[in-house]
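Thanks for coming. I will go through a few places in one structure, and you can follow along on the screen.

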Amino acid sequence: MGLLQSARDANGEAEAAFLKAIALDPQDPVPHGNLAILYLDQSRMKDAKREIDAALAVDPSYDIALLARGRYYLQTGERDKALADLLAASTANPAHSQSQLMLAAAHYEKGDRIPSAQAVDNADRLDKNDPVISSFRTAVDIDDYDADGAIRNAQEFLRRSRARGGDYSALGANQDAGSTLNNAFRLQGLDAWGRYYGDAVFSPFEGSGYTDQSIKGSIFPFNNATDFGDDNISQYRVNTSSFSSLFQGLLLDPHMLSGRSRSATLLRTPFIEGSLGGGINSVDGHTRRIGEAEIQGFSNETIPLSFYGNLNWEEIARDGDYTDFGGFSTENKILSGNGYLTATITPDDRVVAYFNGAKRDFDLDTLSSNSQLSTILNDGLFIPLLGFPLAPDELPLYQTRRDIITTTNAGIGWSHTFGYENVLNAALLYSGTRTKTTDELAFDWETVPFLGGPGTDIRPFGQITQDQSSKTYVAALNHDIGAGPLTFRYGIEGGWIDAHNSSFLHIEDIVPGFLDGTTLGPTEADNRVDIARAYVDILHEITPDLKGEYALFGTRMSGDGVDVSRLEPRFGLAWSPVQNHWLRAAFMRQSVDTGVPTLAPIGILGLQPNQFSVGIEGYSDTVALQWDAEWTDRFFTSVEYQHQELHDFSIDFPLISLPAADSLPLSRGSVDRAAVTANVALGYGFGLSATYAYMESENKDPLEPNYGGSLPFIPRNSGQIALTWVNEAKVKATVAANYVGERDGDDLGTKLDDYWSLDAHLIWEPLDKRIALEAAAYNLLDEDFELTPGVPGWGRAFKGTLKVRF
């Protein structure tokens, strides 16, 4: 009974069954040995050693106890002792495949790859149906950059898992195999294929599925990046929910946080690893620095404990000429750091604490032409005195802007398992953001009659300072429980947002005595908004091939000038009409993101809305359809469609755009996106990915000049063809041709031409992965294109880093 409970991951019930068997017959070594292995699965080293000693005291030659003791030594880092015991276990029972597999792990840990592979082959000959053997091979292949072998063994892992029959026959019941396939396909650049498996096998009680969800992100439909590397034509990128998925996954499996970079993690063994790296960014003739440091580790000496920390520094500089007049230069400095600490306090209690901080210092200098001073001079001076305007329509404007953006996120979460598929989660969460903007304006008066020149005559015009900050505090409680074909996930979250805004405006005296300046502020404003959210989500396995998910979220926000009460329904169906084909349809209503992680379910059946920024009173309605099809072991396609109705949302503008603007707020809009992606595993380490996307959008804000037209920065046609090569010399190289079609470049409907760009990426990890060399090149053909009307994009750009691990 204990083995059956353990097979379905009901660890508490399995432990109780083993303990009952021991109580009935304390001299039987079998339950002691099985219980020891269960404790080793949970990294409960002292408990495992007690049961191992008890089993060997009864029967010193008992092969399962020798296997358990060898694994114990392996998980405590005593590799020579582990190898001796595992050799003894395999000798005592040569027909036991698990002893051979653990012997393979011992050889692998010692760096002896040939005897490790031989032991795996021996295990496979003894048991051709054991999926763990294929999982072992896949993990080693991924670490060795053997992309073909990783995909082949991951597919065999899934085949063997499903061949067990019963509940395992459905794809969705094989979480470990699906997540492993996700990793194998992503290694070869076949991300869509990997996303399919990550979605299809998701379980709310398995941490690996949340990690897949976090990596996947969602579609970002805009083409509005200021700097190279920010845009990806495949358009899947990390979103505001990605960290929530990671946090939820860590609460279930806290020790997937850390893992060795130089070898596969077959068993959780104590380690500590660090790295230091540096490199350069180079674009438009400007070269800047990159720096990084990382440390991570795992310990099971007392309780299982994992930690991870990193620090990153990056500088990017650009300049360019505006099409009509003037130009710009930017200097961007980004410092960020992360720290995590996770622990398994008891077998049923897990704790996760994190801290993230970042600071971005962005400097912008521009020269453009502007009519503001001319209008003031003509309307306030020349026309009243002379009866006609004298100042030119536009004058040269010099702008110096600096943005300092600081973000801080912190939180602590606790997760408790009551029993099989019965988990309670709780968290205290904080998010803080501060944006300080200073803007200094100056005009060149040289061409102003009577008042300017001779020669260049630059005079200060005005200064603008704005300081905005917000602090969000949230407490969250969530309960997940399975009941046969139904899984209920429900919870409540509540807290508040404190916001502060300080603004200052000063206009210089233009013509003293005639056109005097003015000063407004500093003006201070504080407000608080209380937020509460309750939700219930039901996963329904109607049949092994038909699943449903039904959810209802209730959101309440109230405070200074805010009064929102909204119900947000979400529901969907997923159907597999034949094996390896998966059809999904969903409706999702989603409101503002508070900036802190949530314990609530993300998306519906793996579908997430395309990314948009909605205001505190805004929301989006999304209809999503997707068809994933694995036609053969080497060919996969995905067809996806989303229709979105957007309410009270905004679109970011590149900061170097003309005229200068941060964002475009809109009351209504809609977007339709249809895309088809094909992934082909070509063999010999090559993987081919191709994506084509067609989008239509409509500006439905009646107050906008482009009412009824398209939304800015959404290309009607876009696509990518990417070829990835992976080699066991620890090399992965990708070349991608990207196409961005015609699109609106501003709120007036001005069209931007389409363009092609060629990008490349390389990673090489030689010397037993002690060194990682990473290089990326963007716009290799130096294609000319515009970010906004008259504002050029980047030319050839290069990014390279070298990391040393120790």
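Predicted model: local features only at pLDDT ≥ 70, side-chain atom pairs only at ≥ 80, totals over all residues.

**A walk through selected residues**

Asn-378 is buried, with a relative accessible area of 8%.

Asn-378 belongs to helix 15, which covers residues 372-386. What does Asn-378 contact, leaving aside its neighbours within four places in sequence? The contacts are Ile-383, Pro-384, Pro-389, Leu-390, Ala-391 and Pro-392.

Next, Asp-284. This residue is in the loop between strand 3 (271-283) and strand 4 (286-299). Is Asp-284 buried or partly exposed? Asp-284 is partly exposed, because its relative accessible area is 26% and that category runs between 20% and 50%. Asp-284 and Arg-318 are 34 residues apart in sequence, yet their C-alpha atoms are 5.9 Å apart in space. Again leaving aside neighbours within four places in sequence, Asp-284 is in contact with Arg-318, Asp-319, Trp-794, Gly-795 and Arg-796.

Now the aromatic rings. How many aromatic pairs does a search of the whole structure find? The search finds 29. One of them is Phe-653 with Phe-713, an edge-to-face pair with 5.2 Å from centre to centre and 80 degrees between the planes. Phe-653 lies in the loop between strand 17 (635-652) and strand 18 (663-683), and Phe-713 in the loop between strand 19 (686-699) and strand 20 (717-727), so the pair ties together parts that are 60 residues apart in sequence. Both Phe-653 and Phe-713 are buried.

There is also a cluster linked by ring pairs: Phe-185, Trp-193, Tyr-196, Tyr-197, Trp-582 and Phe-636.

Arg-195 lies over the face of Tyr-236, 3.8 Å from the ring centre. Likewise, the charged end of Arg-570 sits over the ring of Phe-553, at 3.8 Å from its centre.

Last, the surface. Which residues form a nonpolar patch there? They are Trp-575, Leu-583, Trp-627, Trp-631, Phe-635, Val-639, Val-676 and Tyr-692, and together they have about 710 Å² of accessible area. Take Leu-583 from that patch. Leu-583 is in strand 15, residues 581-591, and is partly exposed, with a relative accessible area of 31%. Patch residues need over 30%, so Leu-583 passes on that count.

That is the end of my list.

Key:
Residues numbered from 1 in each chain as written. Heavy atoms only, no water. Patch = residues over 30% accessible without salt bridge, like charges linked within 9 Å, V, L, I, M, F, W, Y side chains within 5 Å. Areas by Shrake-Rupley, 256 points an atom, 1.4 Å probe, with all protein chains shown as cover. Salt bridge = Lys/Arg side-chain N within 4 Å of Asp/Glu carboxyl O. Helix = DSSP H or I, 4+ residues; strand = E, 2+ residues; numbered from the N terminus. Buried < 20%, exposed > 50% of the residue type's maximum accessible area, 1.4 Å probe, protein only. Phe/Tyr/Trp six-rings, centres within 6.5 Å; stacked < 30°, edge-to-face > 60°. Lys NZ or Arg CZ within 6 Å of the ring centre and 35° of its normal. Contact = heavy atoms within 4.5 Å.
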